[in-house]
Every structure is written in C-alpha cells, then in structure tokens.
Amino acid sequence: MPPRPDVPAGLPAVALVDLDAVEHNVEVVRRAVGPAAVMAVVKADAYGHGLVPVARAALAGGATWLGVAHVHEALALRGAGVEADVLAWILTPGTDLLPAVRAGIDVSVSAVWALESLVAAARATGRCARVHLEVDTGMSRGGASPAEWPALLDAVAKHVDAGDVVVRGTWAHFASADVAGDPSVPAQLQAFEAALRTAREHGVDPGLRHHANSAAAFFVPQARYDLVRAGLAVYGLSPAPERATAAELGLRPAMTLAARLAHVRRVPAGAGVSYGLTYTAQADTTLGLVPVGYGDGVPRHASWDGRRSGEVLVAGARRRIAGRVCMDQVVVDLGDDAAEAGDLAVVFGPGEAGEATADDWAAAAGTISWEIVTRIGSRVPRVHTGRAAGRGA
C-alpha cells in the first residue's frame, strides 16, 4: 500500500515519492522482459521524482543500467556515489566530455563529429571511451540516418582498432510502440536489424542491443533484445493506458502531490471565481484554496472550461477546479461540505483513496502522464518514503 498522504507542518505542498513503488515497478519490468536486462531511465530528475533516490531504488529493484539525457545528469549520479553503468544520450558540440570519460560514463554518439569529440576526450584522459551507437530506425529524431550509418561505422571501427573507444551498445527508439498494430513498429524493427547487419559488415560488434522503451517492453516482445529502457513504467504509470492500465500491468504510481488548504470561504450564488471569472457559482457554495499552481507544474490547461477540469480530493470527494489555474494556487468548489484551512488536498496520486491520477490530470489538460509528473517544479519539496529512503537514498 502507498504511504498515507501527509504534508509536514509549515509546507504548503509536497510531492510524496514512494521509493518502494519504484523498486516494485522495476521488479515488474524485469520479470516481464527477462532474460533482457533493464535500464531505468532517470533523466529530468527521474521524471520529477528525484534523481539519486530513484536511481538507487531502481537498482535495488534489479535494474543494472541507468539512462539519462545529458552528461551532467550522469555526473550527478557519479557525484552521489552511484557506480552502476550509466548511459547519457544527448550531446551538443562543445560538451566537455573529459569528466564523463574519467567517470566511466557511457556516451551515445550518432554522428562522426560526436565520435571525434569523445575520442579527443579519451586521448586526453588516457582512458578508453565507452560508446553506444544510436541509429535512426524511422522516428527521424536522434540517431544516424541510414545514409549516415556506414560512415559512422567506419569511423568507429578505426577508433576501436586504435583503442580509443569500445562499443558497449547499439540502440534506437520507437515512435509508436504504445499503439496496437501500428505498422511503424515492425518497420522500425526491420530497420534496426538491417543496421545491426551493416555494423557487423563494417567490422563493428554492436554490443548490447536495445530498442524497447516501456511500451515496447510490455507489448513488443521481439523488441526486447539484450536490454530494455524503462522510463514511465519505473514511476508506476502505464505507457499505453488505452491498452492496459498501470494496475493491469502490475505497476504502482510512485508520486502523490498533496497540499493543505490555505483558505476556505463561503460565496453566494453568482459569484465569479479566479482570473477572467470564467467560473460562476451556480448556488451558494464553499470554495477552498489549494496553494499550488502552474508555477509548481499544475497545468493551466486543466482549468475549468465549462465542461471539465482537473480534480482535487478534499474532504473525501473529488472537487473540480473553479475557474483558471493560477501561478501559485487553484480554487476548488466544495459545495456544502465542511472544510477548513489546513485540511488535506490531494491533487493526484495512485488513485487508491479516490484521488485523481496523473492519467486523469493528463486527460483534463489534453496531455500525457509523463508531462504531469515531470513538470512538478522544484518549489514543491520531494519527500521520499519507503525502504530505500530508510537506507539513505
């Protein structure tokens, strides 16, 4: 069971992160994809959950790799004493790669210029650089295109022979693995297989092969290869809620956003609420002020639009947002129910106590659950709970 939501005295709001849920979710993924290994993706401060505590909980759950977007995120893990294999996959020209090579961080390259930058760092440090090769299999985002792939492989083979780099993996990313029957999925797999064959033809051992994200880990078994990169699933959210809910996948949402009511007032019928007075009380009602807003990551698009809005659990029931989400606060309509300043308000959580989930808020805002949890800002303190927190995570 998730911890009972609480907000420590003196704090307007907290994001409670259940590290036991993180550990559990990694175990679920690991059991689903075995014998493939699991890379827990902890980029963007672990999707807003806290980089180092989540990384340690994920490793306790059986992940053997950690994945981040940027080198500085990987260095933060090393600085905290995390010694597991870490892959950083976005480089820009001028990135200082010497610390990454010294720290034994794996770096993804998808262009010759990036490879040469890494080689220069390897020669400057006297250490062999650890490389993953990214190939574009059809998403047209990162990765070497099919036209660029052979030249990159030739450059890699030269530097492997020189002892400058070691290829630890070859990878790609799906565009639509969450969509049942999407034709791009088998097409991308075919492109990946072709890229692997080309690598071997150019004398490059692909190393660990990884293409699967969370959706593919669950729904595309043939994409699991040697390693899967689990992102959203680590945090207990379904990567394809239309196909299977988090509960159906055995996942437990890790984050609960909770606050204390800052103000409660009674207003008469006809009272307008919040900016633009877009919400009007249809009868005498009680309004509660929840001290979180878009400055904290609560999406403004979840404001009342005349049909629906985000909902906050107060006094045992979900309450719709009355009017627009403001920078620091939202107003909720409590009807005739009793409440007072200091009462608990749960913005989202696992849903087990009747509160809205991140998926519910995503639907209200017209976005995805990834964004809901990741955008919760640094002004909201993270409070980590569970065994991993007790171990000093």
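## Contacts of Gly169

Contact here means heavy atoms within 4.5 Å. The model is predicted. Leaving aside neighbours within four places in sequence, Gly169 is in contact with Val131, His132 and Leu133, and with Pro206, Gly207 and Leu208. Gly169 belongs to strand 7, which covers residues 165-171.

Gly169 has 0% relative accessibility and therefore counts as buried, the cut-off being under 20%.

## His132

His132, one of the residues that Gly169 contacts, sits in strand 6, residues 129-134. Because its relative accessibility is 0%, His132 is classed as buried.

The side chain of His132 is joined to that of His210 by a polar contact of 3.1 Å. With neighbours within four places in sequence left aside, the contacts of His132 include Trp65, Leu87 and Trp171, the run Asp106, Val107, Ser108 and Val109, and also Arg168, Gly169 and His210.

## Helix 6 and helix 7

Two packed helices are described by the angle between their axes and the distance between the axes. For helix 6 (residues 112-125) and helix 7 (residues 149-162), the axes come within 10 Å and cross at roughly 15°. Helix 6 is therefore roughly parallel to helix 7, since angles under 35 degrees fall in that class. The crossing of helix 6 with helix 7 is right-handed.

On the helix 6 side the contact uses Val112, Leu115, Glu116, Val119 and Arg123; on the helix 7 side it uses Ala151, Leu152, Ala155, Val156, Lys158 and His159. By class, the residues of this contact are seven nonpolar, one polar and three charged.

## Helix 3 and its two partners

Helix 3 (residues 51-60) and helix 4 (residues 71-79) have axes that come within 10 Å and cross at roughly 70°. That angle makes helix 3 roughly perpendicular to helix 4, because the range for this class is 65 to 115 degrees. Leu51, Val52 and Ala55 of helix 3 meet Glu73, Ala76 and Leu77 of helix 4. Five of these residues are nonpolar, none is polar and one is charged.

Helix 3 also packs with helix 1 (residues 19-33), at an angle of about 40° and with the axes 7 Å apart. Helix 1 is therefore oblique to helix 3. The crossing of helix 1 and helix 3 is right-handed. Helix 1 contributes Leu19, Val22, Glu23 and Val26 to the contact, and helix 3 contributes Pro53, Val54, Ala57, Ala58 and Ala60. The division for this pair is eight nonpolar, no polar and one charged.

## Backbone exceptions

Most residues other than glycine have a negative phi, and most peptide bonds are trans. The bond from Gly34 to Pro35 is cis, with omega near 10°. Pro35 is in the loop between helix 1 and strand 2 (37-41).

Ala44, in helix 2 (residues 43-47), has a positive phi, near 55°. At 38% relative accessibility, Ala44 counts as partly exposed. Tyr225 is not a glycine either, and its phi is positive at about 45°. Tyr225 is placed in the loop between helix 9 (214-219) and strand 9 (227-230), and its 16% relative accessibility makes it count as buried.

Conventions
Residues numbered from 1 in each chain as written. Predicted model: local features only at pLDDT ≥ 70, side-chain atom pairs only at ≥ 80, totals over all residues. Heavy atoms only, no water. Axes fitted to C-alpha atoms, helices over the stretch in contact; angles between N-to-C directions. Helix = DSSP H or I, 4+ residues; strand = E, 2+ residues; numbered from the N terminus. Parallel < 35°, antiparallel > 145°, perpendicular 65-115°, else oblique. Left-handed = near helix turned anticlockwise from the far one by under 90°. Nonpolar A, V, L, I, M, F, W, Y, C, P; charged D, E, K, R; others polar. Buried < 20%, exposed > 50% of the residue type's maximum accessible area, 1.4 Å probe, protein only. Polar contact = N/O pair within 3.5 Å; in protein donor to acceptor, adjacent residues only side chain to side chain.
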